Amino acid sequence: MEIILDKTRWDILNHQAKVKILITGRRWGKSVLSAVFLLHQPFQQGERRLYIAPYYRQAKLIMFPLMKELMLQFGDVKINETELSFRFDNGAELSLKGADNPDSLRGISLGKNGSNGVVLDEMAYIKEGFFEEVITPMLLDHNAKALLTSTPNGFNHLYSKFLLGLGKNPMYKSWQFTTLEHGMISKEAVLEAKKTMTADQYKQEMLGTFLTAGNKAVWNFDRNVHLQPIKDMPPQMFFGLDFNVATMACIVMGRYSDGTVVAVDELVLHNSNTDEMARLMKKKYPYVKDCYPDPAGKSRSTVAVNNRSDHSILREHGFNVYAKSKAPHTKDRLYSLNRLLKDSEGKIRMTVAPKCVNLIKDYELCQRDNNGNLSKKDENLTHFLDASSYYIDLKEPAYRRTATTLEF
Ligand SMILES: Nc1ncnc2c1ncn2[C@@H]1O[C@H](COP(=O)(O)OP(=O)(O)OP(=O)(O)O)[C@@H](O)[C@H]1O
Ligand SMILES: [Mg+2]
């Protein structure tokens, strides 16, 4: 691979700040620049440098192959595939680590004579305090420099670091670029990716902005836009289900031939069980056979009767059950739902019948926690949102998730 270093990249590499914070959209070239940051100064005798990803697996899958390729230019390097490290004849060593195992890092001094000692890649996804508690002490002995880089993830600890670098303290310096500003991928590719994203997703992932979206879980829902009475029943209909003893939630959904998804009705039972719900579904909508329940219902039952799982109960009542083998990532599920409600180009692909009062309440009131997952603080919320989203997660996913990255 041939690495291009433009003026922007050299400015970042040459800047005198001790802690550099680089915030960009996805695929800008953060990881490649991280590798250059760690390699472009000669390794001094006995010097140690570290590349740190949120998880060891990420370091191994993303950075190790790239480092190996770049290391070919140094003839005399010994590669340790299990430790993910590179050792030079003069005793210098570069290692790749995951922030998920901080104990493996203690007691190391990084850099030498003010050289670049460490990169934290995808810093927004590394635990708060990791840099201060684990890494900063390692930088003191040799006055080593650090690069913290990431795509934003809401207003978390990375945002505080970013602000530091915009301030007057010369120790810190921040940069922020969209995927297109000095980025390495084409405008066409970015526009193509934009089509698969919600507006907020695009702002965060491609424009690299810290989002103010509040913490609403269904941030694209607007009752003035999405509440639509049902004129014609959709030709394809199915149930979305979430099983809880206190609240059995079922959303009757459909899909029109143009692909628009609609929540037609909702069925609710309190202090009940899956058999009761199955009977109610058959009574109210005898011609609907397909169900998209909570994947967790594959192995467990809400009320244990003869060891039947919720899914097998539905099948016994004659329904077809479609579910992922594993519970989907809540964050992905929310993105998929929001994107269907309104995509980055403003297109509305889902509406809700006004009679779905519990669903509407969930869409308007459910919050996300600090990690972007659905907040379960209020026990009366989320069941209907959940029920409505398993179909969407299965049939209309906003992301395809590979081992460590989001693919588009
Ligand atoms: N300096 C560069 N010179 C040449 N190509 C580059 C450079 N930086 C990035 N690229 C190309 O762009 C691709 C994306 O780069 P990289 O993985 O570093 O981006 P990233 O910002 O870390 O992406 P992600 O947000 O997915 O982590 C690389 O695979 C490479 O092909
Ligand atoms: Mg990267």
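Two strands count as paired if DSSP finds at least two bridges between them. Helices (H or I, at least four residues) and strands (E, at least two) are themselves DSSP runs, numbered from the N terminus.

## About the model

This is a predicted model, in which local features need pLDDT of at least 70 and side-chain atom pairs count only at pLDDT 80 or more, while totals for chains, interfaces and linings use all residues. Residues are numbered from 1 along each chain as its sequence is written, and chains are lettered from A and ligands numbered from 1 in the order in which they are written.

## The open sheet

Let's start with the strands. Val261 stands opposite Met350 in β14. Strand β11 (residues 261-270) runs parallel to β14, and three bridges join the two. Both belong to an open, mixed sheet of six strands, ordered β13-β12-β9-β10-β11-β14. Its edges are β13 (320-321) and β14 (350-352), each pairing on one side only.

Two helices lie across this sheet. Helix α9 (residues 274-284) lies across β9 (236-242), β10 (247-255) and β11, at about 135° to β11. Helix α12 (residues 357-365) lies across β10, β11 and β14, at about 105° to β11. Axes here are lines fitted to C-alpha atoms, for helices over the stretch in contact, with angles from 0 to 180 degrees between N-to-C directions. Contact means that the C-beta atoms of two residues, placed from the backbone, lie within 7 Å.

The axes of α11 (residues 330-341) and α13 (residues 383-395) come within 9 Å and cross at roughly 90°. The pair is therefore roughly perpendicular (under 35 degrees is roughly parallel, over 145 roughly antiparallel, 65 to 115 roughly perpendicular and the rest oblique). From α11, Asp332, Arg333, Ser336, Leu337 and Leu340 meet Ser389, Ile392 and Asp393 of α13. These contact residues divide into three nonpolar, two polar and three charged. Ala, Val, Leu, Ile, Met, Phe, Trp, Tyr, Cys and Pro count as nonpolar, Asp, Glu, Lys and Arg as charged, and the others, Gly among them, as polar.

## Domains and ligand

The domain assignment, automatic or from a database, gives domain 1 (7-205) and domain 2 (223-395). Their contact takes nine residues from each of the two domains. On the domain 1 side, α6 (187-195) and α7 (199-205) give two or more residues, and α7 gives the most, with three.

Ligand 1 is surrounded by 14 residues, the closest being Gly29, Lys30, Ser31, Val32 and Met184 (a residue is near if its C-beta atom, placed from the backbone, lies within 6 Å). Helix α2 (residues 30-39) gives the most to this shell, with three residues.
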